[in-house]
Amino acid sequence: MEDVDRRIRDLDSRLDDLQSEHESLSRKFGYTEDLDHELGSIRSDVRSCEGKLEELDGELSDRVGDTERTISRLVEQVRLLEGQLLASGGAQLADLDTFSKDQRALARSRERGRQARSLLLSDHDRTTYQIRLRHRRDTAGELRAHRTTVVDAVGTLLATRYGSRSRAEAATQLGQTIAGERGLCQGLDRESRLAEEAESALAADATTRAEKQSVIAAGAKAEQRLTLGLRSRLADAVRERALLPAWFVTVLGSAPPARSTQKWLETATEVLLYRLTYDITDQVVALGEKPSDTAQRRRAWYEKLRKDLQRW
């Protein structure tokens, strides 16, 4: 609609330009009555199109609203039928809330791995610190090259006759090099402070990685096993057409969509993993209560899932 409106405005502008040219031609030649009529007819057609577009826009909005209301009624009817079927004992209920001791142990291992990984530098921070070290190394190299140039220039001054061209060129080069050296010294002092911080951070990160590597690896392996197991359980429930829990249907629907099925399955599996990790037993709210600000990692995971669930 916005593109159509823009094109109509452009057409209006062009018609105005044509009318101005027409008036100019009228003053010059006086035989433009037919052109004037045509311009008026075109402008009338444009106005008519604007009116029809406004009517279509209003009709489209009404139809969208009607469709949304119809979908809402269908969803409620499906939920009512599912509830009645469940109450009658004639349907199989998918069990997505029962977890084995092995699964709970894997969830704890995964959480320990995540906690250990959070102690490490992020890829962005590690790269930033490495760049700081490289800058200091490059600046130190430039400074050494400048000092070599200074020594060479001084040697030329001592070895050449006063007033000679070689001596004058060496004197000029010496002055420029000394000025550049001062700037490099200042830069090196600044970069050295940043580099010391970078060296300390990278050294601490290397130590932590060495100490936590086994915990992180075990956590990653546990997450892989859990993800495969929970995904398989959910896929079995869908294949057997079992009734999914209310908390699941509320956010993900009673069946996978025809499109983006893979993404739906990934999101659903992650919700199961979240409920297992934090022992969520709420039968209505999929993610349970909102975590406090102090639980930063859990809060971040909660917000990510909440955002992912909005598309379904």
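Predicted model: local features only at pLDDT ≥ 70, side-chain atom pairs only at ≥ 80, totals over all residues.

Visitor: Where is the place of V150?
Guide: V150 lies in helix α4, which covers residues 123–159.

Visitor: And which residues does V150 touch, leaving aside those up to four places away in sequence?
Guide: On that basis V150 touches L174, T177, I178 and E181. The C-alpha atoms of V150 and A171 are separated by 9.9 Å, and these two residues are 21 apart along the chain.

Visitor: Changing topic: which residues touch the most other members in the largest nonpolar core?
Guide: That core has 32 residues, and those touching the most other members are L96, L234, L244, F248 and Y274. At least two residues each come from α3, α5 (165–239), α6 (246–252), α7 and α8 (296–309).

Visitor: Which helix gives the most to this core?
Guide: Helix α7 does, with 8 residues.

Visitor: What does F248 touch?
Guide: Not counting residues up to four places away in sequence, F248 touches L96, L234, G253, W264 and A268. There is also a second, separate core of 6 residues, and Y129, L133, A195 and A201 are among them.

Visitor: Back to α7, then. How many of its residues are buried?
Guide: In α7, 12 of the 17 residues are buried, so this helix is largely enclosed by the rest of the structure. The buried residues include W264, A268, L272 and Y274. From first C-alpha to last, α7 reaches 24 Å, close to the 24 Å expected at 1.5 Å a residue.

Visitor: What comes just after α7?
Guide: D279 is there, and D279 takes a positive phi of about 50 degrees.

Visitor: How do the axes of α3 and α7 cross?
Guide: The axes of α3 (residues 101–118) and α7 (residues 261–277) come within 9 Å and cross at roughly 90 degrees. That makes α3 roughly perpendicular to α7.

Visitor: Which residues meet there?
Guide: From α3, Q103, R104, A107, R110 and E111 meet L273, L276 and T277 of α7. By class, this contact of α3 with α7 has 3 nonpolar, 2 polar and 3 charged residues.

Visitor: Which residues of α3 are buried?
Guide: They are Q103, L106, A107, S109, R110, E111, G113 and A116.

Visitor: And what span should α3 have at 1.5 Å a residue?
Guide: The 18 residues of α3 should span 26 Å, which agrees with the 26 Å between its end C-alpha atoms.

How values were computed: Residues numbered from 1 in each chain as written. Heavy atoms only, no water. Axes fitted to C-alpha atoms, helices over the stretch in contact; angles between N-to-C directions. Helix = DSSP H or I, 4+ residues; strand = E, 2+ residues; numbered from the N terminus. Parallel < 35°, antiparallel > 145°, perpendicular 65-115°, else oblique. Contact = heavy atoms within 4.5 Å. Nonpolar A, V, L, I, M, F, W, Y, C, P; charged D, E, K, R; others polar. Expected span 1.5 Å × (residues − 1). Buried < 20%, exposed > 50% of the residue type's maximum accessible area, 1.4 Å probe, protein only. Core = buried A, V, L, I, M, F, W, Y, C linked by side-chain atoms within 4.5 Å.
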